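I opened this model to look up how the chain is divided and how the parts meet. My entries follow.

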Amino acid sequence: MTDYQLIRSKRRSLELRVLEDGRVQVRAPQRAPVRMVQAFVDSRRQWIADQQQRQASRPRQRWQDGAKLAWRGECLQMDVCEGRTRVTLSGPYLSVRVSDPEDEAAVRAAVESWMRRQAKPVFEDSIARQFDWFEQQGFALPTLRIKKMRTRWGSLSARGYINLNMALLHYPPEALDYVVMHELCHLKHMDHGPGFHGLMDARMPDWRERKAILEQPLFQP
């Protein structure tokens with residue numbers, strides 16, 4: 001029997017997550033019977049094992065001087081020194097200034113704050129470059145929201161939001177464009193049926209190759 005943490009909330013469906021440390025979480029409706037939750041977990045046992053193995057094989061990101069950081073498909077070296085908090089990019093180096101260079105949590109916070117600032121124009125550019133066809137079909141431009149997501153690269157809400165994972169900045173631009181196109185295609189097809197895949201094939205013929213890039217582990221933040 002797979003051990004898992006059960007979290008109940010005001011939701012309608014069951015959701016399974018494998019966290020970065022291998023722990024399993026199940027999110028369930030308030031009144032979902034435990035036997036139903038257990039049956040759901042049992043039915044996904046192989047998927048859980050595969051995800052736990054994948055998490056264990058991912059290299060761990062270090063937030064210290066000299067550490068490497070994947071950035072848009074390239075590799076940066078972090079130059080961490082003492083100073084007023086500031087992060088700047090110069091060629092293959094990411095200069096990070098924090099009050100305590102030995103505090104990896106502080107370094108991480110500074111870098112992730114910098115990444116979030118970079119994400120907005122980069123993500124907006126990808127959306128703008130690919131939205132023309134959808135605009136011609138009468139769809140409204142979705143509102144961008146940048147998130148840290150553990151289990152998804154992106155999502156499109158019925159309320160008009162396109163949510164993109166900040167971690168996409170670690171991968172090459174073509175991977176980001178794939179995720180954006182994937183979510184934009186959901187404007188026309190909310191499911192992943194033949195219509196959706198047909199539209200993906202038409203709008204981005206090489207989307208499968210781009211998707212494969214995201215299946216290559218970079219690191220575990």
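**Entry 1: domains.** I looked up the division of the chain and found domain 1 (5-57), domain 2 (67-116) and domain 3 (120-214). These bounds come from an automatic or database domain assignment. I noted that this is a predicted model, where local features need pLDDT of at least 70, side-chain atom pairs count only at pLDDT 80 or more, and totals for chains, interfaces and linings use all residues. Residues are numbered from 1 along each chain as its sequence is written, and side-chain values use heavy atoms, leaving out hydrogens and water.

**Entry 2: the sheet.** I found 3 strands in an open sheet, in the order E1-E3-E2, with mixed pairing. Strands (E, at least two residues) and helices (H or I, at least four) are DSSP runs, numbered from the N terminus. Two strands pair if DSSP finds at least two bridges between them. Strands E1 (5-9) and E2 (15-18) are at the edges; each has a single partner strand, so one side of each lacks a neighbour in the sheet. From one strand to the next, the twist averages 20°. Axes are lines fitted to C-alpha atoms, for helices over the stretch in contact, and angles run from 0 to 180 degrees between N-to-C directions.

I then checked E2 and E3 (residues 24-29): they run antiparallel, joined by 4 bridges. Glu15 stands opposite Arg27 in E3.

**Entry 3: helices on the sheet.** Helix H1 (residues 34-43) packs on the sheet and touches E1, E2 and E3. Contact means heavy atoms within 4.5 Å. The direction of H1 makes about 135° with that of E3. Helix H2 (residues 45-57) lies across E2 and E3, at about 30° to E2.

**Entry 4: domain 2 against domain 3.** Their centres, taken over C-alpha atoms, are 28 Å apart. Domain 2 gives 9 residues to the contact and domain 3 gives 11 residues. How much area do domain 2 and domain 3 bury between them? I read about 1,000 Å², 56% of it on carbon and sulfur atoms. Buried area is the accessible area (1.4 Å probe) that two parts lose on being put together, summed over both. Arg72, Met115 and Arg116 supply 67% of the area domain 2 buries here, more than any other three residues.

**Entry 5: charges.** Across this interface the rule finds 1 salt bridge (a side-chain nitrogen of Lys or Arg within 4 Å of a carboxyl oxygen of Asp or Glu). I also looked up Lys148, which forms a salt bridge with Glu112; the closest N and O atoms are 3.0 Å apart.
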